[in-house]
Amino acid sequence: MIRAFAILIALALPAAAQEESIVVGLSQSSVSITTDFVGSEILVYGAVRRDAPAPAEDPLEVIVTVEGPATPIIVRKKERRVGIWINRDKVRIGSAPTFYAIATTGALGDILSETEDLRHRITIPSVIRAIGISSEAEDAPQFVEALMRIRQAEGRYRVNEHAVDLDEQTLFRADVELPADLTEGDYRVRIFLTRDGRVVDTIDRTIFVRKAGLERFLYTMSREQSALYGLLSLALAVLAGWGASTIFRLIRP
Amino acid sequence: MQMYLPIAEVSINALLVLGLGGIVGFMSGMFGVGGGFLITPLLFFIGIPPAVAVATGANQVVASSVSGVLAQMKRKAVDFRMGMVLQAGGLIGSAIGIWVFARLAVLGQVDLFVQLSYVLFLGAIGAMMLQESIRALRRAKKPGAPIKRAHVHTWVHRLPFKMKFRASGLYISVLPPMMIGAGVGFLSAIMGVGGGFIMVPAMIYLLGMPTKVVVGTSLFQIIFVSAFTTLAHAMTSGTVDIMLALLLILGGVVGAQFGARIGVRLRAEQLRILLALLVIAVSVKVGTELVLTPKEPFSLQVMGAE
């Protein structure tokens, strides 16, 4: 009887430890890209809800990720051939996000175990899906590294460790900056609570990034009525050329 | 003043683009080149995706050429008939060029081919023009030196289908201009340029057209080539960014007017030396990029979502 009770407690304990869940809010759930769009800042804030007092052993950590729409990518490498640099090897990467930002309360290596990272695809290398690339080129991993390096330099991939504020192991907030060069699509926001490298709870939200107003109108037209759009571009060009020439003739006889 | 571009999906400084358009427009008005060979690399440089840069550059070239042609027409410096003949060849050439371009895109060697074309054609033509104009300038300084005969009869004059080009004062076969048109059309489809920098010297040296009608006629021809390119890009890849084009055009048309006015004041030889130097400069710039070890040997090509 006592033994059974002990087993019950043993089973219940980890469950109790996981009785921490996230309550989250976003400062905005949609971003409109208009002509004067210069980027946007999303505030991710929230709290940890507990049914029991917080376990004392390991501190709670928070990871916030924001992921833009993903596309396949070809990475090419230049090599010197007869004195000039030309594209030689290429690797096709199945899917890589156009934007990816991670903000954390601590160093990623300390607060997230590798297995959990693989399972939840949190860090940049695990988010990029590059399956079966080793057959495409020698030393295929360097192509993935190059992709990350280039995108990090462009500000499309960002890692901000210690950028999440966590108060009293309960309240957290993080500012995620969305750059001006934003691709339209659904941006997935994920928040992970970790303890000792394990993910305790996770929650998903979506930010809808859409072109609006004139941007929307022109983009849609260029896709759906491309001939009309092309003619409009030409008409604009001819009109501008003629207009400038006329105006100049009038002001400078 | 930042501005988000709907097709390029990047945010750029509007004043910077206006300025770029103005500079390129100035050159095109002065030299009678559409300016595509300048605008496309400049757009790459400020971070516009290459496909958008090529297509939008073509659209800007339409505007500056229209503006330039109107200025040249006032001076009766456009040979419309010659322009049409060049154009007929140009369409054939550009159709072939678009096909070759698609092949190269599959192989991932578009950049290389474009760069090599820039180096080879710009370099060769620039050097030829420079040499010839310096010689012409020297000759002009020494009066009494023998002047090259205006009409040297060669095999070109024995070809059939002769036509009178009154504005140019030529009576030649339509075959050479059509072939030149086709060659330029081919290159312009591949290099994403109007082809004026090739057309201008070809008209002077190969067809023997008088310099005063060359600029206007070249611009006239470029309008159609670049309009065709713009439309083709808009319909096949949707890469013409109308907002970017508008900024470039506003800067460009104004620049072209100033350029045309300055151009009139300069002597033809001086004009050609300047154009030759400009062409050589671009060629050298592109050439060094091919030879120097790149900072980043890797490049990304984003594929459409599947």
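# A walk through chains A and B

Helix H1 of chain B is mostly covered, with 13 of its 18 residues buried. A residue is buried if 20 or more other C-beta atoms lie within 10 Å of its own, exposed if 12 or fewer, and partly exposed in between, with C-beta atoms placed from the backbone. H1(B) covers residues 14-31 and reaches 26 Å from its first C-alpha to its last, close to the 26 Å expected at 1.5 Å a residue. That expected span is 1.5 Å times one less than the number of residues. Helices (H or I, at least four residues) and strands (E, at least two) are DSSP runs, numbered from the N terminus.

This is a predicted model, in which local features need pLDDT of at least 70, side-chain atom pairs count only at pLDDT 80 or more, and totals for chains, interfaces and linings use all residues. Residues are numbered from 1 along each chain as its sequence is written, while chains are lettered from A and ligands numbered from 1 in the order in which they are written.

Now turn to chain A. It is divided into domain 1 (20-211) and domain 2 (212-253); these bounds come from an automatic or database domain assignment. The C-alpha centres of the two domains lie 39 Å apart. Six residues of domain 1 are in contact with six residues of domain 2. Contact here means that the C-beta atoms of two residues, placed from the backbone, lie within 7 Å. On the domain 1 side, the elements that give two or more residues are strand S2 (30-33) and strand S12 (198-211) of chain A.

Look next at A:Tyr157, in strand S8 (residues 157-160) of chain A. Why is A:Tyr157 buried? Because A:Tyr157 has 23 C-beta neighbours inside 10 Å. Leaving out residues up to four places away in sequence, A:Tyr157 touches A:Tyr100, A:Ile124, A:Met148, A:Arg151 and A:Gln152. A:Ile247 is 90 residues from A:Tyr157 in sequence and 48 Å from it in space, C-alpha to C-alpha.

Follow chain A on to helix H7 (residues 226-251). H7(A) has 26 residues and reaches 37 Å from its first C-alpha to its last, close to the 38 Å expected. Its buried residues include A:Tyr229, A:Leu234, A:Ala240 and A:Phe248. What do the buried residues of H7(A) pack against? They pack against helix H6 (213-224) of chain A, together with helices H3 (50-74), H8 (211-236) and H9 (242-265) of chain B.

That brings us to the contact between the chains. It takes 47 residues from chain A and 48 residues from chain B. On the chain A side, the elements that give two or more residues are strands S5 (70-81) and S6 (84-97), and helices H5 (141-153), H6 and H7. H7(A) gives the most, with 16 residues.

Strands pair if DSSP finds at least two bridges between them. S5(A) joins S6(A) through ten bridges, and A:Val75 stands opposite A:Val91 in S6(A). S5(A) also pairs with S5(B) (residues 298-302) over five bridges. There, A:Lys77 stands opposite B:Phe298.
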